[in-house]
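Q: Please take one part of this model and go through it closely. Then set it in the context of the whole chain.

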Amino acid sequence: MPARSASAAVPAASGRAGSEPPETVVLDGGRLLRTRARLAKGDHRLARALRELTARADNWLDQGPWTVVDKPRPAPGGDVHDYLSQAPYWWPSQPPTADNPWGCPYVQRDGQRNPEVDTGTDRQDVEKVFDSTYDLALAWYYTGEKRYAVKAGQVLRTWFLDPATRMNPNLDHGQFIPCKYDGRAIGIIDFSQSYTSVLDAIALLDTGAPGWSRRDRAAMLAWNTGYRDWLKDGAFGKEEGAARNNHGTFYDMQLAALACATGDKDLARRTVLAAGPLRVDPQIAPDGGQPQELARTRSWHYSTFDLVAYTRLAAIGRKVGVDLWAYRGPDGQSLTRAVDYLLPAATAAEPWNHPELEFHRFAASDVVHAAADAGDRAARAAVPRLEAPPGGDLWELRPAAEQLDSIAG
């Protein structure tokens with residue numbers, strides 16, 4: 001299928017978004033348009049959430065922009081435009097010396113984040129790029145305030161488009177391990193949920209944001225097409241796609257979202273359709289537990305994390321005619337059962353009786369919202385008893401699940 005045209009008619013950049021629903025890939029564009037209309041009519045129930053959203057957007061106005069070329073040393077291979085991140089759960093086993101500056105060999109400590117991964121790589125900066133563009137684009141869409149759109153465009157151009165500062169469209173050096181691997185397939189998860197939020201931010205800006213030109217749209221479309229093809233055809237992408245835990249789910253979610261954003265709806269549909277037998281059947285038990293995630297030292301985090309990918313993948317599926325919420329495996333496995341498994345702990349009715357180094361009840365809030373919206377009666381009944389995440393519950397303004405207890409730093 002041809003890529004979505006970057007020069008399609010859009011409203012003049014007068015400050016306000018157009019009157020047509022944005023062509024978002026995870027968020028429901030029609031729902032966003034209706035929410036904006038409710039805000040314009042003075043819906044008091046949404047006013048508090050909008051204040052919380054704009055407070056987040058305001059916080060980004062005097063930060064950044066960030067660039068992949070700012071790290072103190074380039075990724076293995078020497079290209080400063082290549083993204084670099086370090087494996088979070090791997091630690092040096094020896095004190096660093098002149099002959100062994102990294103303290104190699106590195107050893108794994110599951111669930112224990114090595115603080116050195118947040119210095120000298122691009123991981124924290126790219127998270128700021130993802131978070132800021134999403135908050136800023138949403139704030140502009142709902143308020144029409146030009147400063148939000150202009151800042152979002154600046155952040156996107158600096159990280160992805162400007163020749164001097166742009167990132168190459170690959171993750172060849174994601175989650176490297178010093179003295180062991182120059183990059184690993186599981187580094188793809190660094191873009192996990194957050195890059196699909198950027199795709200939606202771009203779709204919002206494409207509705208007529210001031211300072212966001214047809215040239216910007218065309219350049220982002222080209223970048224996303226390159227990244228989609230790297231993800232689909234490269235060795236790391238194929239390896240990550242073969243994973244049978246949350247890594248595989250997030251791979252499918254990223255690929256389907258990029259396929260939608262670049263006009264390949266057939267690839268998106270095939271990816272979502274395959275997720276039932278390929279992901280749900282082996283990953284979700286008949287009782288709704290996720291055995292591979294429950295075995296982790298951060299079992300609550302990873303159980304909700306995997307469901308962030310599933311619920312976002314289901315949202316993409318609706319754009320291409322696939323209802324992943326309706327899928328039932330041979331033993332009754334389903335997304336609904338997986339969410340319902342979390343409800344006793346999510347509502348504080350029962351403790352979470354699995355390993356968890358740092359339990360945050362609010363981590364389940366978004367996936368419960370998603371299940372409730374999909375028609376899960378138990379989830380709908382649980383919504384009033386959920387714990388709001390730090391910064392408030394923004395579900396009504398951006399109804400797509402996020403990982404609310406991020407351990408990315």
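**One site in close-up**

A: Ser-85 is buried, with a relative accessible area of 0%. (Buried means under 20% relative accessible area, exposed over 50%, and partly exposed in between, with a 1.4 Å probe and protein chains only.) The model is predicted, so local features need pLDDT of at least 70 and side-chain atom pairs count only at pLDDT 80 or more, while totals for chains, interfaces and linings use all residues. Residues are numbered from 1 along each chain as its sequence is written, and side-chain values use heavy atoms, with hydrogens and water left out.

Ser-85 sits in strand 1. Helices (H or I, at least four residues) and strands (E, at least two) are DSSP runs, numbered from the N terminus. Not counting residues up to four places away in sequence, Ser-85 touches Thr-121, Arg-123, His-173, Gly-174, Gln-175, Phe-176 and Asp-190. Contact here means heavy atoms within 4.5 Å. Asp-172 is 87 residues from Ser-85 in sequence, and their C-alpha atoms are 9.9 Å apart.

Gln-175 belongs to strand 4, residues 173–176. Its relative accessibility is 6%, so Gln-175 counts as buried. Its phi is near 50°, a positive value in a residue that is not glycine. Most residues other than glycine have a negative phi, and most peptide bonds are trans.

Ala-348 also has a positive phi, about 65°, without being a glycine. Ala-348 lies in the loop between helix 12 (335–346) and helix 13 (365–373). Ala-348 is exposed, at 52% relative accessible area.

Next, the loop that runs from helix 2 (44–60) to strand 1 (84–86), where Asp-62 is placed. Asp-62 is exposed, with a relative accessible area of 68%. Lys-151 is 89 residues away from Asp-62 in sequence, but 9.1 Å away in space, C-alpha to C-alpha. Pro-65 is found in this loop between helix 2 and strand 1 too. The peptide bond from Gly-64 to Pro-65 is cis, with omega near 0°.

Another cis peptide bond links Cys-104 to Pro-105, with omega about 5°. Pro-105 is in the loop between strand 2 (90–92) and strand 3 (106–108).

Now the packing. The largest nonpolar core has 110 residues, and Phe-160 and Tyr-195 touch the most other members. A separate second core of 5 residues includes Trp-90, Cys-104, Tyr-106 and Ile-177. A nonpolar core is a set of buried Ala, Val, Leu, Ile, Met, Phe, Trp, Tyr and Cys residues joined through side-chain atoms within 4.5 Å. Back in the 110-residue core, Phe-160 contacts Val-129, Phe-130, Arg-166, Met-167, Tyr-195, Met-220 and Trp-223, leaving aside neighbours within four places in sequence.

Finally, the whole chain. It holds 14 helices and 4 strands. Buried residues make up 58% of its 409 residues. Of the contacts with a separation of 6 or more, 73% join residues 24 or more positions apart. The C-alpha trace spans about 65 × 50 × 40 Å along its principal axes.
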